[in-house]
Amino acid sequence: MITMLRRPLFWLILLLAAVFAWLPLRGNNVALREDLILVAVAIVLTSNLNLMIGYTGYVNFGHIVFYGLGGYVGLYLATVRGWPLIPAALTAGVAVSLLALLFGLGILRLRGAYFALATIGVLVAVQAFVANFEPWGRSTGMYVAFESYAPMGGPRHALWTTYFLVIAVMALSLLLSLGIKASKFGLGLFAIREDEDAAIVLGVNATVYKAIIYSVSAFLPAVAGALMFFKNGMIDPSIAFEYMLSLEGIVMLMLGGSGTVAGAALGAGLYERLRSYLLTSPRLSDFHLVIAGGLLLLVIRLAPGGLIGWLYRLVPRSREVVE
Amino acid sequence: MKRMFLIALLLFFSLAATAFSQQTITLGFTVSRTGALNVDSLEQYRGFELWRDTVNVAGGIKAGGKSYKVQFASYDDESNSKRVQQLYTRMILEDKADFLFSPYSSSLTATAAIVTEQYEKIMLTTGAAEEKTYKLGNQHLYQMFAPATQYLTAALDALKAKDPKAAVAFVYEDASFSVAVVTPAKAYAQQLGFNVAFSEAYAPNTADFGALIDKVIASKATVLLGGGHYADGSTLARQLYGHKVPLKMIALLVAPDSPQWSELGDAALGVIVPSQWEPQSTFKAQYGPSGADFGKAYTAKYNAPPSYESAGGYASGLILQHAIEQAGGIDTAKVAEALNATDLTTFYGRTKFSTQASEHGLQVGHTIFLAQWQKDKAGQPVKQVVWPLAGKSADLAYPIPR
Amino acid sequence: MSGILASMIDGLLIGSVYGLAAMGLSLIWGVMDVINLTHGSMIALGMFGMYLLFSAIAVNAYALLIPIIAGGFVLGIVVYWLAVNWVVDRSQLMSLLSTFAVNMMVIGIGTAIWSTSPYNVNFSLPGITVGEYTFTGNHIAAAISAVLIALLLELFLYRTRAGKAIRAVSDNREAAELMGISSTRVLMVAFAIGIALAASSGALVSTLFPFTILSGAGYQLKSFVVTVLAGLGKPLGALAAGVLLGLLEGAVSPFIAVSWIPLIEFGLFVIVLIFFPRGIFGRASA
């Protein structure tokens, strides 16, 4: 753990968080804050997805289910039960991780494409369940009463507080990725990725490792989901479990460089800015998916290591700093 | 002497200029140009647009010695609530909208309301009948549509007169608007002594109603009430007709009010729609154009008769205009006060907003009609007002010709 | 006629279309071990193909299936060279990502051209009424078309040389190559047939319900469920599993709210994946 402090990336992550916090604060730039929070959420989702895809080699197509379920649990606790935001968000994280552990024990015995398909099945099944679940509003979903922002000092104040909380979750996600990478646990995951059977023979308890990482990769996205949906004031099954967001997470990861900490952040940041630009540009908004798909195709054919992989080839020394 | 004259001239022109200095006011809203809500949303947009053009031709909204030209900041929300959130935030923060209109539909409006309340901006909602949004403690929302509770209770009252022992089926979209309509309607049906033979909500974006229709037939219901918006309502009507379901009365929400409904051919006939406004209404307008003038101007510009979504859109503009005039300017607090005090009859009917904190902005002046598609003397399908009996233009056709 | 029986017949009819959709996915998966994530968008293109052809030439929509199958075949060849040829021997992750990228592009282009507003193909055949229940002509015609196409495929695979070559490559590619079969060409043809099947199922669906470019996704998911249920390799097995799925939907829907059905289907999907990797009829992939 102390060795983490010696890694330059540790400090770079803290710097990134500080920059995110400071930039919109100066000049009370609310529009910039709204842009940056989307980038931060993308980084949270992508870096946690990286734990499954990049580190362990298991492709999770239904990753967004953690975000959406976290949103539902968090919003339910905060709005219907009247809990304050931070305990609600943390409980959402824990609840979704436990659920992930449960699902994981079932589906992680599948390999390769079968696992990927099973994660799609989990996503769709959860969405169908929630759309029928009366206490969570079925297809209508749940709305935050405007008074819920009062304990946080009113809506304007609450939006800032939520922003800082999300930045914290972003920093934690990146630090978690870095920490796992530097640990023995992480080494076990890489071994599973390279050759699961060989890893088992060498004494890596693959079943336990996979279950743990699947569950861990659910925690921070669930917390982020609770925060974001509270900020947005509402949740319903169609926006909580957007299949396309799950898949764009994969694009972001491949673009940045799967398996690296910085790659997840870089890919998420760049793609999110590109997407925002495309969606608000009147002529190009329809082409957002075409460009995303084209980008993915180019990346996997020409540069499977993503931008960071390309950087490593250009500047071999960068491997030590930008990991 | 000449210099004095020149100075006087200068003074006169500058005074004249300040007396009628041209300002603009920006109205922000999204339109569902694409996606499942596109038909209904476009009709609402046309109401806004016709109002804006009428006002600007007359020189703008005149208040407090200034005149304000109306300009729109409007985007396509693709019938998607996430886009609504992003776009309303953008309209308030970047386009600096002074006032907002809602998107079309209760669910998108509920989403937009969160943003407008967070930034403390006034929003007039139209195309949105669900009541829950106004019971969450808002301060700047104003609902133009008569609330959802009234929609099907009117249909049940009409049915009571024809067949007090009918077996009723509710088949409706599982979304905030239809649920807000059907929940009180079911209770009212039981109260009136009807047999509620079947009730089920379908997921939004359902395209295949086959299984539901089989269940309706099995329940032996003769009356079907429900639907949602244009896409699902029109599909449901088409499939009910294709399956030859023996229904004596069908009342669907929203969809049959659109002029496009006649494209369904025989499947369109006999279907009833709860309506916020019909061209045959005869309200005496205290402000703004008469119903006939509105209908004429609309048809001239868009080559189609106005639906109640268009009427709601136009009326929203009128009510806002009236409030700005009363407030003498565009200050949010003053305009809010003026809206709270509004009790006005326009071509659209009576508009009055609740000012109780527990339901601020709920519409309490406006009421629902029922319209039904029938063949006129020339054999063409037209909408007739069939309820309330006092204002009807034709009798309710029961059972519907199938 | 009871409600449950009517519901099951409806389920059987639509299940044939599910089966047809799944056959394309199953064929490609079985022959080249590629999970084709463009499947959904190809189904949607079949829907729009029917719409465009029918708007241009107002003939019996079912006759238009022939040009759509041909068009689907050509489209399949294009997609094969764009995204599939280079992943055939690589990891499954690569084939998933590659086909998924093409899927995104097709959906993007489709949205740009047709937006997400619903479209309809306004063609109806008279239905058959039994008691209080009517089975629409379009549903019946779609089921018959699906079965016919499936039989044609079976004939092709078992009675023609090209079909035999495909089965040979599917069983053991190296051995087939040693026998002088050009595996690249065979894989390309097999892939193109798979796409043609997907497009034809989309064309049939377009006559039943309103659709958008996004409507294919739902059928893609059902295709996964059906393919996994059936196991890989046997197209008729996929058709049978599709019919089974439709029957299941029809049997269950009178008793519970229809909106619970996706949950049941996907619960079933995950369970079959975990406990019955070989499916009910066929073999698992190599």
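With a relative accessibility of 48%, Trp11(A) counts as partly exposed, a class that lies between buried (under 20% relative accessible area) and exposed (over 50%), as computed with a 1.4 Å probe on protein chains only. This is a predicted model, in which local features need pLDDT of at least 70 and side-chain atom pairs count only at pLDDT 80 or more, whereas totals for chains, interfaces and linings use all residues. Residues are numbered from 1 along each chain as its sequence is written, chains are lettered from A and ligands numbered from 1 in the order in which they are written, and side-chain values use heavy atoms, with hydrogens and water left out.

Phe10(A), by contrast, is buried, because its relative accessibility is 12%. Rings of Phe, Tyr and Trp (its six-membered ring) pair if their centres lie within 6.5 Å, and their planes make them stacked (under 30 degrees apart), edge-to-face (over 60) or tilted (the rest). By this rule there are 49 aromatic pairs over all chains. Phe10(A) and Trp11(A) form an edge-to-face pair, because their planes stand at 85 degrees, with the ring centres 5.0 Å apart.

In chain C, Tyr51(C) and Tyr119(C) are also paired edge-to-face, at 4.9 Å centre to centre and with 75 degrees between the planes. This pair links distant parts of the chain, 68 residues apart, since Tyr51(C) belongs to helix α2 (residues 39-56) and Tyr119(C) to the loop between α4 (92-114) and β1 (128-130); helices (H or I, at least four residues) and strands (E, at least two) are DSSP runs, numbered from the N terminus. Tyr51(C) is partly exposed, at 22% relative accessibility.

Ring pairs also link Tyr72(A), Tyr76(A), Phe129(A), Phe133(A), Trp136(A), Phe241(A) and Trp260(C) into a cluster.
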